[in-house]
Amino acid sequence: MLLHLLVLAPFVAAILMVATSKEDSKSSSRLAFLFGVAFFAMSIALVAGGNQATEPMEWFRIPGCKGPVYYYLYSHGLGAWMVFLSCGLSLVALITARNSFEKNYRNFAIGIFALMGAMNGTFLSADAVLFFFFFEAMVIPAAVMIAGYGGKERTKAAMTFAIYTLVGSAPMMVALWYLLTVADNSLLLSFAIALQGLPAETQFVILMCFLLAFLVKTPIFPFHGWQAITYAEAPAPLSAILTGAMSKAGVFGFIAWILPIFPLSMTVVNVMLWLGLATAVYGALLALRATDAKKLLAYSSMGHLGLAVAGVFSLSEAMLPAVLVLLVAHGISAGVQFYLAGVAERMTGTRDITLMGGLAGKNPVFSTLFGFAAIMALAVPGTAGFVGEFTVLLAIWDMGPLPAVVAGFCLILSAAYMLRFVQKVIFGKQAREYEEGKRMTALEGSAFGIMVALLLTFGIHPAFITNSLHLFDEDAIEEMSKLSGQEGEPAEAIPADSLAEQASDAVEATEEHHPMTEKEIAQLDSTLAEAGFDESERAALIQQMIAADAAQANESAQANVEATENE
Amino acid sequence: MTNLPLWLIPLFPLVGTVLLGAIAVISSGSKKGPAEGIVGFLAVIFPVLAFASVVLLAWGMPTEGLRQTLCNWIDIPLFKVDIGFLFDGLSRIMLLFVTGIGSLIALYSIGYMHGDRGFARFFAYINLFLFSMIVLVLSDSLLLTFLGWEGVGLCSYLLIGFWNKDLSNCKAANKAFIVNRVGDIGFLLGMLCLVTVGGSEILNYDSLSAFIQMLIAGGHVEIVLPLLSLAGLLFFIGCTGKSAQIPLLTWLPDAMAGPTPVSALIHAATMVTSGVYLLARMGNLFSLLPVVLLIITLVGLATAFWAAMAGLFQNDIKKVLAYSTISQLGYMFMAAGVCAFDASIFHVFTHAFFKAALFLGAGAVIHALAGEQDMRKMGGLLRKTPVTACVMIFAFFAIIGFPGFAGFWSKDLILERLYTSGPMGPVFYGIGLLTAVITAVYMSRLIILTFFGSYRGSKESEEHIHEAPASMLIPMVVLSIGAIFAGYFWADSLGMTMFKDSLAPVVGAAQAGAAHMAHVNPLIFAGLGTLAALLGMFIALKVYGSSRVPEAKGSSAPEGFKADWTFFFDRVHKFCGIIPVAVLAWIADVVVEKILQAIQWMVGAIAEILGDGAAAFQVRKVRLQLALSVAGVAILVAVVLLTGGSI
Amino acid sequence: MLALIYFIILGILAVGSALCVLLSRHPLYGALSLVLSMLSLAGIYGLLGSPFIGVVQVMVYAGAIMMLLTFVIMVLNGARDSKTPMFDGVSLFVIPGVIVLAALVGFVLVRTPMAFDETTLRGSVALTSRTLFDVAQTGPGYFILFEILGLLLLSSMAAAVLLAKKRLGSVDSDDKEEK
Amino acid sequence: MALEAIYVQVLALILFSIGLIVAIARRNVFFVLMGVEIALNAVNLSFVGFAKTLPADLSVAGQIVPLFSIAIAAAEACVGLAMVILIFRNRESVDADTYSNMKG
């Protein structure tokens with residue numbers, strides 16, 4: 001029930017928000033705030049509740065595919081924490097957006113709720129098609145909000161974002177479709193089984209298609225073109241959600257879909273590890289030179305996520321909790337930094353850090369929070385970031401000292417750019433006279449403060465996160481194999497029957513198996529006739545068919561027809 | 001009273017941090033800052049409480065120490081670390097002077113920071129620093145030590161950049177943090193290396209020594225020696241960062257940008273010695289690694305000599321003290337390099353007193369001169385500020401190793417251990433003694449330029465020179481007493497070995513293996529040391545004693561070859577670190593990013609051209625399109641039929 | 001036998017008049033031949049045992065729709081447009097395409113075995129009304145469709161009225177276009 | 001010789017093809033509409049023809065669906081003619097090729 005609520009209720013909330021006034025941001029913000037708190041509470045309940053799953057419901061069948069697509073939600077530790085991030089960051093975004101947009105707050109809230117629902121769906125779906133559906137659905141509200149509320153180049157940013165991510169995941173859709181035609185249904189287990197039976201080249205192509213989608217979403221080095229401009233142009237609350245929760249979908253995909261499904265070769269693992277590290281270094285280097293506050297943060301997120309991906313592909317035993325802690329820590333700290341950058345932008349009217357400065361004297365509370373957030377991002381021990389980065393480094397060390405040294409180099413660079421950022425924004429003298437923008441409100445401040453406090457808590461006691469992690473427990477596997485069993489035996493189980501052997505080249509078809517009825521025989525007869533067989537041939541074939549059926553052949557009529565046609 | 005929980009010690013300053021931080025944040029909005037009396041009281045009471053509990057614990061500590069595990073920290077597959085505290089001989093000494101000097105300096109700061117806008121903030125940072133430092137020395141595992149390790153680095157950053165209106169302070173703070181970060185990564189990788197050798201348990205100090213005992217007992221040292229050496233080297237890199245040794249020493253002179261009490265507490269007495277503490281704490285490990293030990297000794301020698309020379313060239317009073325600190329740290333490292341961990345900790349102990357006294361004295365001088373730091377504009381202050389002058393002169397005798405003062409005992413001990421360390425011992429000893437001479441020269445120069453001769457500043461500023469208030473003088477006097485008598489905790493020749501006995505359970509095993517060649521009469525060393533100090537003072541008197549002092553012009557930074565010497569490592573960093581990274585960043589930003597954007601643009605352009613072509617095809621041709629689709633359907637049907645499919 | 005003869009006659013009539021539609025120049029002639037084609041199709045429905053559909057065909061198609069069409073043609077004076085050619089390059093391309101498609105589909109059709117079933121019901125008014133409205137027996141499916149269809153017709157009527165009514169200022173825009 | 005089911009289908013096919021040709025090949029918009037009507041009729045015929053090949057309980061659909069399709073054809077003709085009137089009023093032309101307002 002909780003899972004259904006978390007995935008579907010945000011959309012309902014979005015629809016309900018339509019009923020509120022467009023002009024009066026007060027009333028709509030109250031309702032939005034209520035909803036946000038409710039979802040956040042639900043996400044906490046989800047995290048606390050451990051693994052749970054819904055009853056798999058058949059959603060639809062894709063023509064040409066063997067099994068149905070299920071509406072099947074499943075929450076494991078990883079997904080639950082990502083949902084926590086998505087709900088929590090959305091709540092803070094709703095709070096801080098109230099001070100950023102005078103009008104049209106309602107539409108923003110609608111967008112946030114839609115985005116939240118899609119993200120929750122992505123992190124909770126146990127069915128590949130459902131996952132892909134939400135994975136794509138995330139893009140649309142985000143792009144619309146960027147186009148509606150962004151900075152100067154908002155249309156360009158929205159287009160770049162939408163096209164990049166949608167095109168990136170298009171190959172995944174094709175691969176998914178292909179997998180659906182060979183697998184029993186669209187669940188994880190049957191995919192893994194189906195992939196075992198495919199030739200290595202096919203496996204590789206499918207793997208590439210899947211990887212591309214996640215590489216673009218994360219983003220990893222050569223595919224990061226959309227990221228900086230999107231995060232920079234998007235309104236700050238949205239940027240925080242994008243980096244804090246949505247970009248996690250990429251890493252989540254690597255962990256929850258790539259690793260269990262594909263038998264990875266060492267080359268791929270190495271390439272991914274180094275791509276992750278390259279991203280980490282590259283992001284840090286770009287952040288060193290960035291002058292746009294939000295671009296700087298965007299590059300910094302890119303660096304951290306690169307590190308996370310490198311950690312994932314270290315395939316160490318310690319990888320999963322390490323990466324999870326890193327992701328949660330980064331989600332919160334990058335989120336709060338984006339919010340604070342948004343507040344700074346509001347106060348100074350610019351995003352250029354060379355034009356800021358001196359906020360420490362002007363607004364000490366803000367600066368304290370800003371400094372705190374930066375320290376959290378630096379992964380000083382005692383914060384969650386440290387636990388994440390240290391354990392990820394530990395995992396990477398398993399692959400050899402060199403990757404770990406590179407990762408360590410990134411940590412040094414991250415200190416360099418983050419301190420530069422802090423210095424430029426809050427220290428020194430004011431670079432120019434600011435027009436007095438809206439200051440940080442108490443509600444905002446306390447929300448940020450709570451986020452910072454959370455980071456400290458997780459840093460001292462990371463067991464909150466690491467203990468909740470049982471990626472696929474027995475029940476879920478059982479449930480999935482039960483679903484697979486309904487649809488027929490796995491592909492390898494086809495007996496070496498003479499007909500089956502003929503058929504195996506044409507299609508590896510397995511369909512439901514029960515004694516043939518008269519009606520079916522008549523149907524078969526007419527099908528054969530349609531295919532142009534004469535009376536005697538038809539009779540012989542049907543005889544053969546019934547014999548094979550009696551011998552418990554696990555062979556479908558359709559395959560039989562096609563096999564004989566191929567002769 | 002031994003059942004006092006250990007976590008109480010770090011808790012006091014932590015509570016102080018939270019309270020003062022809250023006061024600082026809340027009062028930030030108001031025009032007038034918070035009441036300085038209350039803040040000052042809060043700022044001092046927590047360190048004092050911590051000091052009191054340390055004293056209570058130290059009193060009744062059993063020989064083998066106290067161990068308390070608080071809770072689990074990280075527990076994931078392959079890695080499990082607890083939060084636990086270890087109170088033994090080594091941490092007892094460290095804690096005593098950390099909390100003691102910390103309390104004194106907090107008291108001093110009340111006077112020094114009087115009237116500053118960030119009064120509460122400053123003490124919040126000081127308390128946070130004390131918390132981190134206590135965690136650093138009290139923890140029972142490397143990971144928790146690392147928490148303190150980065151924590152003190154962070155506080156150092158915050159306090160150097162305390163006056164953040166001035167960007168040069170911020171730059172110095174950034175430099176300190178980043179250079180320290182390089183060392184910290186070494187520490188971190190060192191921990192990973194250790195985990196590879198023996199699992200996450202051996203991050204605990206007790207398990208580590210048990211593990212090493214096991215290795216020695218089983219004769220397996222050879223097998224893991226390369227990995228252990230790597231780990232040791234990485235830890236040593238961490239120590240060079242924190243303790244400002246070659247090559248990561250450039251941050252410490254710049255760190256003098258912070259308030260003077262900070263320089264005294266963090267950048268002289270406590271934080272910078274944490275590297276030495278780590279070496280001593282892991283003495284068991286290091287004593288197995290001859291290569292690493294040799295490197296440590298050489299680095300210590302080179303740093304001591306280089307920094308002493310650099311100290312000779314400075315005009316800024318605090319810079320002199322900073323280089324002097326680096327030089328003294330070099331002594332401690334050489335001692336650690338010859339496995340004389342107790343001697344190095346002893347020097348840490350005495351150095352903390354006299355260097356803190358020197359810095360506080362320098363702070364009082366600067367306070368008296370309203371912010372003037374250039375020694376060329378001082379002089380003759382002996383009459384104007386007699387107490388400060390006395391304190392600094394006592395501390396001066398201590399640092400140059402004048403017989404009877406604290407530095408005499410510890411420095412002689414180190415030099416003695418150097419001499420007896422092995423075949424290279426006499427060479428090391430020679431360099432050490434030469435450095436001692438130079439130390440005496442530059443310290444005498446400082447004292448002469450500051451307190452003797454006639455005042456060289458402007459006339460009107462002379463009117464305002466005044467002695468510091470009592471809250472500043474009391475800590476200075478206490479410290480100077482320490483500077484005189486701290487050495488008697490371990491005066492071999494007088495038969496006082498309290499210090500050594502206290503440390504023996506911790507570092508004794510590590511030092512047992514160190515070779516002692518021939519026993520030389522300690523009086524010879526004492527005599528030579530005294531001679532070095534006197535020679536240095538004599539040279540200084542000859543050179544600087546005359547009234548011929550160069551006219552102060554422009555900044556206090558050294559010029560010419562002096563600058564080359566002083567900023568040698570800054571330049572090395574620039575060419576080996578900053579410029580390559582900048583070039584890489586430039587390549588990434590300007591070259592790679594542009595190429596990627598060009599590719600992106602090209603793909604977009606191709607798609608647009610194709611789209612335009614298709615659009616042109618669409619115009620006014622609805623029927624043509626329908627016809628084409630009919631033809632397409634026909635072709636599809638034909639294909640299906642020809643390939644044998646059934647419709 | 002007799003049915004076949006009727007079928008052939010009606011079929012030839014339907015195809016012939018459809019060809020007339022194709023080849024006639026004036027839309028009015030086309031519309032009139034179309035009416036003939038519809039009427040002959042109505043006959044075929046009767047022949048096939050669905051007289052009700054045949055009647056509906058005559059009333060709705062041949063009566064209402066074609067009358068509407070004829071009326072519009074006459075109102076708009078479509079004959080004025082005798083300058084535009086009946087066929088052009090596209091037409092020459094379409095005709096073989098469609099013929100090939102038809103041939104292919106016909107080929108498949110001919111090879112498919114099918115025969116009239118003896119038990120088939122006659123499509124009477126009673127049957128139709130029972131199927132449509134006797135919800136208890138046949139289920140609500142057809143009834144709902146029927147209702148939706150009613151809505152569709154209503155809305156299409158409204159749409160037609162809205163579209164065809166003369167808008168204010170449309171004369172101006174006409175003038176501009178011509179200039 | 002008697003009437004066979006296939007004859008009906010062939011007739012429907014021929015009519016449909018003619019309808020398609022009229023709808024696409026002719027340029028006059030009235031002929032386009034008429035072609036669509038012919039094609040729809042052909043489909044209806046096909047429905048009725050197939051309905052006769054089914055047993056009693058299934059053949060009912062064949063009687064009902066053509067009714068619906070006739071109704072839809074009526075709606076289509078209604079809207080289509082309205083649009084023709086509208087466009088003719090603006091363009092003064094019945095040539096379908098000139099109706100290219102919706103080009104991309």
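Where in chain B is B:Pro247 found? B:Pro247 sits in the loop between helix 8 (221-242) and helix 9 (251-254) of chain B. Helices are DSSP runs of H or I with at least four residues, numbered from the N terminus. The model is predicted; local features need pLDDT of at least 70, side-chain atom pairs count only at pLDDT 80 or more, and totals for chains, interfaces and linings use all residues. Residues are numbered from 1 along each chain as its sequence is written, with chains lettered from A and ligands numbered from 1 in the order in which they are written.

The peptide bond from B:Ile246 to B:Pro247 is cis, with omega near 5°. B:Ala244 lies in the loop between helix 8 and helix 9 of chain B. Its phi is positive, near 55°, although B:Ala244 is not glycine. B:Ala244 is buried (20 or more other C-beta atoms within 10 Å, with C-beta atoms placed from the backbone; 12 or fewer is exposed, in between partly exposed), with 30 such atoms.

B:Cys339 also has a positive phi, about 65°, and is not a glycine. This residue is found in the loop between helix 14 (317-337) and helix 15 of chain B. B:Cys339 is buried, with 26 other C-beta atoms within 10 Å.

In chain A, the peptide bond from A:Thr218 to A:Pro219 is cis, with omega near -10°. A:Pro219 occupies the loop between helix 9 (200-217) and helix 10 (227-233) of chain A.

Chains B and C touch. In this interface, 11 residues of chain B are in contact (C-beta atoms, placed from the backbone, within 7 Å) with 10 residues of chain C.

Methods. Contact = placed C-beta atoms within 7 Å. Helix = DSSP H or I, 4+ residues; strand = E, 2+ residues; numbered from the N terminus.
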